[in-house]
Amino acid sequence: MSSEEDARRIAAGPPPSELVGTAHDDGPHLGEQPPSSVSGSQATAPYDPLRLCIFATIALLGWLAGPVALVVFAGVGFAGYWKARRAGLTRSKCYLRDTRLVLAYLAALTAAGLWGIYSLVAGVGR
């Protein structure tokens, strides 16, 4: 499978963690409920706030790396959305929905990060 096909599949489908095939079944996957261990009862698993942990980790990386992290994350996101848009994606699961808005948002973030790097290097505001 080519990288272009992978990008289309990722942009159009479920999260990457659901795309990875495994050789063995290691339990419930994202979005699935674990099987009930008590027969006859409808036990549900407690909510796992994984996204909150991911957001905190991204915030930590942003805090540690500053505008460089912003440029990297926004640049990678822009490249991914650009490729997906060229492949035909017009609606995103992103809050902004329209891929043109997402691209504009990511371009603005990249520009803000580049300005931040410039201001750190040039000593703007000292």
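Trainee: Why is R100 called exposed?
Mentor: R100 has a relative accessible area of 51%. The rule is that buried means under 20%, exposed means over 50%, and partly exposed is in between, using a 1.4 Å probe and protein chains only. So R100, at 51%, counts as exposed.

Trainee: Before we go on, what sort of model is this?
Mentor: This is a predicted model, where local features need pLDDT of at least 70, side-chain atom pairs count only at pLDDT 80 or more, and totals for chains, interfaces and linings use all residues. Residues are numbered from 1 along each chain as its sequence is written, and side-chain values use heavy atoms, leaving out hydrogens and water.

Trainee: Okay. Where is R100 placed?
Mentor: In helix α5, residues 99–122. Helices here are DSSP runs of H or I with at least four residues, numbered from the N terminus.

Trainee: What makes R100 and D98 a salt bridge?
Mentor: Their closest N and O atoms are 2.7 Å apart. A salt bridge needs a side-chain nitrogen of Lys or Arg within 4 Å of a carboxyl oxygen of Asp or Glu, so this pair qualifies. The structure holds one salt bridge.

Trainee: How do you know that the span of α5 is close to what's expected?
Mentor: The expected span is 1.5 Å times one less than the number of residues. With 24 residues, α5 reaches 34 Å from its first C-alpha to its last, close to the 34 Å expected. After α5 comes G123, with a positive phi near 75°.

Trainee: Which residues of α5 are buried?
Mentor: Among them are V102, L106, T110 and G113. What covers the buried residues of α5 includes α4 (67–86).

Trainee: Why is T110 called buried?
Mentor: Its relative accessible area is 17%, so T110 is buried. Leaving aside neighbours within four places in sequence, T110 is in contact with V71, A74 and G75; contact means heavy atoms within 4.5 Å.

Trainee: What about S92, buried or exposed?
Mentor: Buried, because its relative accessible area is 10%. S92 lies in the loop between α4 and α5.

Trainee: What makes the pairing of S92 with Y81 a polar contact?
Mentor: The two side chains come to 2.7 Å. A polar contact is a pair of N or O atoms within 3.5 Å; within protein, one must be able to donate a hydrogen and the other to accept it, and residues adjacent in sequence count only if both atoms are side-chain atoms.

Trainee: Why is the pair of F78 and W82 called stacked?
Mentor: The structure holds one aromatic pair. The ring centres of F78 and W82 are 6.0 Å apart and the planes are at 20°, so the pair is stacked. Rings of Phe, Tyr and Trp (its six-membered ring) pair if their centres lie within 6.5 Å; planes under 30 degrees apart are stacked, over 60 edge-to-face, and the rest tilted. Both residues lie in helix α4, four residues apart, about one turn of the helix.

Trainee: Why is W82 called partly exposed?
Mentor: W82 has a relative accessible area of 46%, so partly exposed is the word. F78 is partly exposed as well, at 27%.

Trainee: How many disulfides are there?
Mentor: A search of the whole structure finds zero; a disulfide would be a pair of cysteine sulfur atoms within 2.5 Å.

Key:
Helix = DSSP H or I, 4+ residues; strand = E, 2+ residues; numbered from the N terminus.
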